[in-house]
Amino acid sequence: MKVEKVTATDGALELIEKLKERHGPLMFHQSGGCCDGSSPMCFPEGDFRVGSSDMYLGQIGGMPFYISKDQYEYWKHTQLIIDVVDGRGGMFSLEGPEGKRFLTRSRVYSEEERKALQEEERTQT
């Protein structure tokens, strides 16, 4: 069983496609709550420097999604679901001028999903 750690709603995927057409390849980073709250931030690929304190979580719309390792520890029991709502998002995130903002929702993994993720982590170490 493959468990996705991050996924996106249809609305978010539509906005990602629009942003890709305008800006080219993208990348996402789950903000840790500084200047832009805890919003998922969308950047042109390579415009955000991913460091050793960040981890790759998966892809949404074919684009990489990262989160800080510390923040992942708080959210590792949940699947992140990236959605989009009307309003202004993070001032550095590409969707701002669209009058939309990405928003992170989450759901707790089922027992079966949790066990599958634990097994996956064991095989990666």
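Start by selecting Gly 61: in the hairpin of S4 and S5, with two residues between the strands, Gly 61 has a positive phi near 60°. Helices (H or I, at least four residues) and strands (E, at least two) are DSSP runs numbered from the N terminus. The model is predicted, with local features requiring pLDDT of at least 70 and side-chain atom pairs pLDDT 80 or more, while totals for chains, interfaces and linings use all residues. Residues are numbered from 1 along each chain as its sequence is written, and side-chain values use heavy atoms, without hydrogens or water.

S4 and S5 run antiparallel and are joined by six bridges; strands count as paired if DSSP finds at least two bridges between them. Asp 54 stands opposite Ser 68 of S5. S4 is mostly covered, with five of its seven residues buried, where buried means under 20% relative accessible area, exposed over 50% and partly exposed in between (1.4 Å probe, protein chains only).

Now widen the selection to the whole sheet. The sheet is open and has four strands in the order S3-S2-S5-S4, with mixed pairing. Strand S3 (40–44) and strand S4 (54–60) are at the edges with a single partner strand each, so one side of each has no neighbour in the sheet. From one strand to the next the twist averages 30°; axes are lines fitted to C-alpha atoms, for helices over the stretch in contact, and angles run from 0 to 180 degrees between N-to-C directions.

Select strand S2 (residues 26–30) next. S2 pairs with S3 in the antiparallel sense over five bridges, and His 29 has Met 41 in S3 as its bridge partner.

H1 lies across S2, S3, S4 and strand S5 (63–68), and runs at about 130° to S2. Contact here means heavy atoms within 4.5 Å.

**Aromatic rings**

Show the Phe, Tyr and Trp side chains. The whole structure holds four aromatic pairs; rings of Phe, Tyr and Trp (its six-membered ring) pair if their centres lie within 6.5 Å, and planes under 30 degrees apart count as stacked, over 60 as edge-to-face and the rest as tilted.

Centre on Phe 28 and Phe 102. These two form an edge-to-face pair, 5.3 Å centre to centre with 80° between the planes. Phe 28 lies in strand S2 and Phe 102 in strand S7, so the pair ties together parts 74 residues apart in sequence. Both Phe 28 and Phe 102 are buried.

Move to Tyr 56 and Tyr 66, an edge-to-face pair at 5.7 Å centre to centre and 65° between the planes. Tyr 56 is in strand S4 and Tyr 66 in strand S5, so this pair ties together parts ten residues apart in sequence. Tyr 56 counts as partly exposed at 44% relative accessibility, whereas Tyr 66 counts as buried at 19%.

Leaving aside neighbours within four places in sequence, the contacts of Phe 28 include Ile 16, Met 41, Ile 60, Phe 65 and Phe 102.

**The nonpolar core**

The largest nonpolar core has 21 residues, of which Phe 28, Leu 57, Ile 60, Phe 65 and Phe 102 touch the most other members. Such a core is a set of buried Ala, Val, Leu, Ile, Met, Phe, Trp, Tyr and Cys residues joined through side-chain atoms within 4.5 Å. S1, H1, S2, S4, S5 and S6 each give two or more residues to this core, and H1 gives the most, with four.

**The three-stranded sheet**

Select S1, S6 and S7. They form an open sheet in the order S1-S6-S7, with mixed pairing. Strand S1 (6–8) and S7 stand at the edges, each with a single partner strand, so one side of each is without a neighbour in the sheet. The twist averages 30° from one strand to the next. S1 and S6 pair in the parallel sense over three bridges, and Thr 7 stands opposite Ile 81 in S6.

Next pick Thr 78, in strand S6 (residues 78–86). Thr 78 is buried, with a relative accessible area of 8%. Its side chain reaches the backbone oxygen of Trp 75 at 2.9 Å, a polar contact being a pair of N or O atoms within 3.5 Å; within protein, one must be able to donate a hydrogen and the other to accept it, and residues adjacent in sequence count only if both atoms are side-chain atoms.

Finish at Leu 103, in strand S7 (residues 100–108). Not counting residues up to four places away in sequence, Leu 103 touches Pro 40, Ile 81, Ile 82, Asp 83 and Val 85.
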